[in-house]
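Hi,

Here's the structure I promised to pass on.

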Amino acid sequence: MYSACGSLSSAQQVFDETPIPDLPSWNSMITANVKLGSIENARRLFDGAPERNVISWSTMINGYVKWGEYKQALELFREMQLLEMEEARPNEFTMSTVLSACGRLGALEHGKWAHAYIDRCGMKVDVVLGTALIDMYAKCGSIERARCVFSGLGSDKDVMAWSAMISGLAMHGHCEECLSMFSQMQYCGVRPNAITFLGLLCACVHAGLVTEGRQYFERMREEFGITPLIQHYGCIVDLYGRAGLIEQAWDVVKSMPMKPDVLMWGALLSGSRMHGNTEMCEFAIKQLIELEPMNSGAYVLLSNVYAKKGRWDDVRYVRDLMEVKGIKKVPGCSLVEVEGVLHEFFVGDESHPESREIHLMLGEIMRRLKLAGYVENTGEVLLDLDEEGKKVALSLHSEKLAIAFSFIKTRPGTPIYIVKNLRICVDCHVAIKMISRVFDREIVVRDCNRFHRFTKGACSCKDYW
């Protein structure tokens, strides 16, 4: 109906004028609204439909995932399960979408349950569903399960399955295994694509392998005839920047055949900040603000650059500018799944029903860390506070609150999986390394860059992130 009418409004008019729309017409309208991002309208149509089949449910779940409403996708899937009707039984497409939502949230228990449901229903784990499982487990922090699914696909693995595994290993910092798998992929006669090379370049970025990264970038073009996308150039800029090769990174930006985007300037900025190149930091940030005038992250980064230099008047100017423009800082947020329930914590959060117990546990954790030699890195607090105020601010970072909650709710020795929306700070990284040793816990944190697996006082990133 939608394609025939040419626009959503005209399709809606035809739909409204139809005396008794049939199920395909309802599904067509739900699909049309999803495609245009009108999720609320799609849900109203979904709820108002006199009957629904697997297409109705799958389209709505997929719509939530497509537009970033991952929790709603899982909630709707649970509703679908309660029906137990043949015409609304989840199929392979439904489950792939559900697995995607689990991966985005880092909801491992939900993902494991979805995998068990697939097995219980007798669905064949083909290369499409298998790739979705590999991607989900990797993003949820269980690279071991991802490996098992990958192995179980046998000789059916296509380029997407290989690429998903390579990307997963890269995310977890298993660089050597990642590069070795690329060799195996070629030995098996599977030709790599642009996604494969993106995974390889990410692995080189996380391990600081500048020479290898440059070689893969060249092979992609010369040996396989793959035209680099802006994401590939971004990896090379990130690779050079992290290694302190700021001039080389800038040369790549200038030589690109496409205009730099926000992620590109962000990669240049990250390396410049890491190595104290204030001039390049300011330049990159100004380019970011020009591209996205309401990008709160750019203003905060500019403020942080000034704060590290003790330029508090400039800090206040930037913060005042944000207030005048109505730009709100994105707060640090950590998500943890306990007994199948997802809990969110924001920096300084006191909104949780068990906030008192969480803060008491956090106090005990910090007390024991200090006995073990922990000293707060107050240089990480880019606020004009006294020393004690900075220490308090550090202790209330969202990942620390999530860990304290997990300690209350789980048995000793239980691994903890946390998803954080921002880059983990140096102080939290040091603190969590110590927590893993003092409390004998494995703690896995997925920040916006990569995975950090903390065990026995060490991190899988080897302090390079």
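The crossing of α11 and α13 is left-handed, that is, the near helix is turned anticlockwise from the far one by less than a right angle. The contact (heavy atoms within 4.5 Å) involves Val-159, Met-160, Ser-163, Ile-166, Ser-167 and Ala-170 on the α11 side, and Ile-195, Thr-196, Gly-199, Leu-200, Cys-202, Ala-203 and His-206 on the α13 side. Those residues split into eight nonpolar, five polar and no charged, with Gly counted as polar.

As for the geometry, α11 (residues 159–171) and α13 (residues 194–207) pack at about 15 degrees with axes 8 Å apart; the axes are lines fitted to C-alpha atoms over the stretch in contact, and angles run from 0 to 180 degrees between N-to-C directions. That makes α11 roughly parallel to α13 (angles under 35 degrees).

One caveat: this is a predicted model, so local features need pLDDT of at least 70 and side-chain atom pairs 80 or more, while totals for chains, interfaces and linings use all residues. Numbering starts from 1 along each chain as its sequence is written, and side-chain values use heavy atoms, without hydrogens or water.

Now the strands (DSSP E runs of at least two residues; helices are H or I runs of at least four). β3 pairs (at least two DSSP bridges) with β1 (residues 333–338) in the antiparallel sense over three bridges, and Ser-334 has Lys-420 as its bridge partner. β3 and β4 (residues 443–446) run parallel, joined by four bridges, with Val-419 opposite Arg-446.

Cheers

Methods
Angles under 35 degrees count as roughly parallel, over 145 as roughly antiparallel, 65 to 115 as roughly perpendicular and the rest as oblique.
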